[in-house]
Amino acid sequence: AGAWKWFTQTGVSSGADYADIGTGSTCKPYSMPSCAHHVDPPAGMVSCDTLPEYKTPECTSTCSEATYGTDYSKDKKFASSSY
């Protein structure tokens with residue numbers, strides 16, 4: 001319930017896949033590539049074991065895509081209610 005309450009009060013910015021970095025089509029595309037965890041990777045995906053370890057991305061109040069064209073505060077979406 002806490003996450004939904006946070007979504008109603010704080011909101012989330014738009015995001016997209018790692019492959020969308022640099023396109024300016026969203027505020028914050030995912031900062032790490034997709035990978036297959038504990039299973040054989042399907043075509044076009046790599047095993048997570050082949051990627052370097054990443055630290056948890058830092059939370060910021062700005063869009064990571066400079067060419068997105070919408071201010072971070074105006075991009076955020078909010079849930080209308082929580083349970």
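Which residues make the nonpolar surface patch of about 320 Å²? That one opens my notes on this model, which is a predicted one.

1. The patch. Y18, I21 and Y30 make it up. Of these, Y30 sits in the loop between β2 (28-29) and β3 (35-36). With a relative accessibility of 49%, Y30 falls in the partly exposed class, because exposed is kept for values over 50%.

2. The aromatic pair. Searching the whole structure turns up one such pair. It is W4 with F7: ring centres 5.7 Å apart, planes at 45°, so it goes down as tilted. Both residues belong to helix α1 (residues 2-9), and being three residues apart there puts about one helical turn between them. W4 is partly exposed at 38% relative accessibility, and F7 is also partly exposed, at 22%.

3. Disulfide C27 to C63. The structure has two disulfides. In this one the sulfurs of C27 and C63 are 2.1 Å apart. The S-S torsion is about -100°, so the link is left-handed. It ties together distant parts of the chain, 36 residues apart: C27 is in the loop between β1 (15-16) and β2, while C63 is in the loop between β4 and α2. Both cysteines are buried.

4. S64 lies in the loop between β4 (46-47) and α2 (72-75). Its C-alpha is 6.2 Å from that of C27, although 37 residues separate the two in sequence. Beyond its neighbours within four places in sequence, S64 is in contact with C27, K28 and P29.

5. Disulfide C35 to C48. Here the S to S distance is 1.9 Å, and with 90° about the S-S bond the link is right-handed. Again distant parts of the chain are joined, this time 13 residues apart, with C35 in strand β3 and C48 in the loop between β4 and α2. C35 is buried at 18% relative accessible area, and C48 is buried at 16%.

6. S47 is in strand β4 and is buried, its relative accessible area being 19%, so it passes the cut-off of under 20%. Not counting residues up to four places away in sequence, S47 touches C35, A36 and P41.

7. Number the bonded cysteines in sequence order and the pairing reads 1-4, 2-3. C59 is in no disulfide, and the nearest cysteine sulfur, that of C27, is 13 Å away. Is C59 buried or exposed? Exposed, with a relative accessible area of 76%.

Technical notes: Residues are numbered from 1 along each chain as its sequence is written. This is a predicted model: local features need pLDDT of at least 70, side-chain atom pairs count only at pLDDT 80 or more; totals for chains, interfaces and linings use all residues. Side-chain values use heavy atoms; hydrogens and water are left out. Helices (H or I, at least four residues) and strands (E, at least two) are DSSP runs, numbered from the N terminus. Contact means heavy atoms within 4.5 Å. Buried means under 20% relative accessible area, exposed over 50%, partly exposed in between (1.4 Å probe, protein chains only). Patches are made of residues with over 30% relative accessible area and no salt bridge: like charges are joined within 9 Å, nonpolar side chains (Val, Leu, Ile, Met, Phe, Trp, Tyr) within 5 Å. Accessible areas come from the Shrake-Rupley method with a 1.4 Å probe; for residues, only the protein chains shown count as cover. A salt bridge is a side-chain nitrogen of Lys or Arg within 4 Å of a carboxyl oxygen of Asp or Glu. Rings of Phe, Tyr and Trp (its six-membered ring) pair if their centres lie within 6.5 Å; planes under 30 degrees apart count as stacked, over 60 as edge-to-face and the rest as tilted. A disulfide is a pair of cysteine sulfur atoms within 2.5 Å.
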